[in-house]
Amino acid sequence: MVEYSATVLGRGTAARTAGVAGAIAGTFLLTGCDIGSAFGHFGYPDSGISPQGNRMYDLWVGSVIAALAVGFFVWGLIFWCVVRYRKRSDELPVQTRFNLPIELIYTAVPFLIVSVLFYYTAIIQTDVDRLQPNPDVRVEVVAFKWNWEFRYLDKPGPNGLPVSTLGSSDYIPVLVVPTGKRIRFEETSKDLVHSFWVPDLLFKRDVFPGAKSRNVFEVTVTQTGWYVGRCAELCGAYHSMMNFELRAVSPEDYDRFIAEKQAGRSTPEALAAIGQPPLAQSTVPFPTKREQEERP
Ligand SMILES: [Cu+2]
């Protein structure tokens, strides 16, 4: 009985193959890798404008490689069995009721795979969610139907309130941040659940109403540029128009921008003053007026 199944798999083969697959996946997850770029990033966006995003990218690439290793192993077994044990005569093959070593292996190996994936997911999630005691910049993100306001909490303006940028249906709010600095976002909503999403950060987080439901997270942006931001929670009629722009500038330009804002300038004026395009470059306001259809 035992010989049949042992022949199918080869006793040590499954364990060795699983070990090799695990080791390969573990190596990719541990070291981070560029192999994803050779395969179209396995469907993940190519970004890398924040170290947090890079870590999530590595987790994705490692997970796909682990899944492919398991997939090729299983497909190989299936095709080998189909060919090797195809029907050759009407004689029944040896009937096997159980094989303890193989049953132990296929119980233990999935447990090991899940454990490895769980371990790296927990490590990277904890790292991405980590808050530092003294972030360099604190921005309050206020979501409302259907736009955004960004308040620079530690930077009071002429009226003593934090300087801010407020979006409207005619104006895409530009969220200016410095590169290389730890930025803390504190989210709150004025009405219902929205979701702050900058695709290039490979990150989004829901924005809840209520003082007790503030979501807080931190990122570091490493590359200057403009990146579109969106609401990722279906929040009503104009949800799809709830866009903003993340504008990453050098720390010196950021300080000048804040100084201009504190002097009472509007965000487009302050952006122009530091040599930046005054309006959003990654998206444009959507027309909100609907033309009445002519009816016969
Ligand atoms: Cu929304």
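**Exercise 1. Describe how helix α4 (residues 51-84) packs on helix α5 (residues 100-129).**

Solution. 
Step 1: take the geometry. Helices α4 and α5 pack at an angle of about 170°, and their axes are 10 Å apart. Axes here are lines fitted to C-alpha atoms, for helices over the stretch in contact, with angles from 0 to 180 degrees between N-to-C directions. Helices (H or I, at least four residues) and strands (E, at least two) are DSSP runs, numbered from the N terminus.

Step 2: classify the angle. It makes α4 roughly antiparallel to α5. The cut-offs: under 35 degrees is roughly parallel, over 145 roughly antiparallel, 65 to 115 roughly perpendicular, and the rest oblique.

Step 3: list the contact residues. From α4 come Gln 52, Arg 55, Met 56, Leu 59, Gly 62, Ser 63, Ala 66 and Val 70. From α5 come Ile 113, Leu 117, Tyr 120, Thr 121, Ile 124, Asp 127 and Val 128. Contact means C-beta atoms, placed from the backbone, within 7 Å.

Step 4: sort them by class. The contact has 9 nonpolar, 4 polar and 2 charged residues. Ala, Val, Leu, Ile, Met, Phe, Trp, Tyr, Cys and Pro count as nonpolar; Asp, Glu, Lys and Arg as charged; the others, Gly among them, as polar.

A note on the source: this is a predicted model, in which local features need pLDDT of at least 70, side-chain atom pairs count only at pLDDT 80 or more, and totals for chains, interfaces and linings use all residues. Residues are numbered from 1 along each chain as its sequence is written.

**Exercise 2. Check the span of α4 and of α5, then their burial.**

Solution. 
Step 1: compute the expected span, 1.5 Å times one less than the number of residues. The 34 residues of α4 should span 50 Å; the end C-alpha atoms are 49 Å apart, which agrees. The 30 residues of α5 should span 44 Å, and the end C-alpha atoms lie 43 Å apart, which also agrees.

Step 2: find the buried residues. In α4 they are Gln 52, Gly 53, Met 56, Tyr 57, Leu 59, Val 61, Gly 62, Val 64, Ile 65 and Ala 66. Buried means 20 or more other C-beta atoms within 10 Å of a residue's own, exposed 12 or fewer, partly exposed in between; C-beta atoms are placed from the backbone. In α5, the number buried is 1 of 30 residues, so α5 lies largely in the open.

**Exercise 3. Work out the order and pairing of the 5-strand sheet.**

Solution. 
Step 1: write the order. The open sheet runs β3-β2-β1-β5-β8, with mixed pairing. Two strands pair if DSSP finds at least two bridges between them.

Step 2: The twist averages 25° from one strand to the next.

Step 3: follow β1 into β2. Strand β1 (residues 137-144) pairs with β2 in the antiparallel sense over 6 bridges. Ala 143 stands opposite Trp 148 in β2. The two strands form a hairpin with 2 residues between them.

Step 4: follow β2 into β3. Strand β2 (residues 147-156) and β3 are antiparallel over 4 bridges. Phe 150 faces Thr 165 in β3, and Arg 151 faces Ser 164. Their hairpin has 5 residues between the strands, and Gly 160 takes a positive phi near 90°.

Notes
Contact = placed C-beta atoms within 7 Å.
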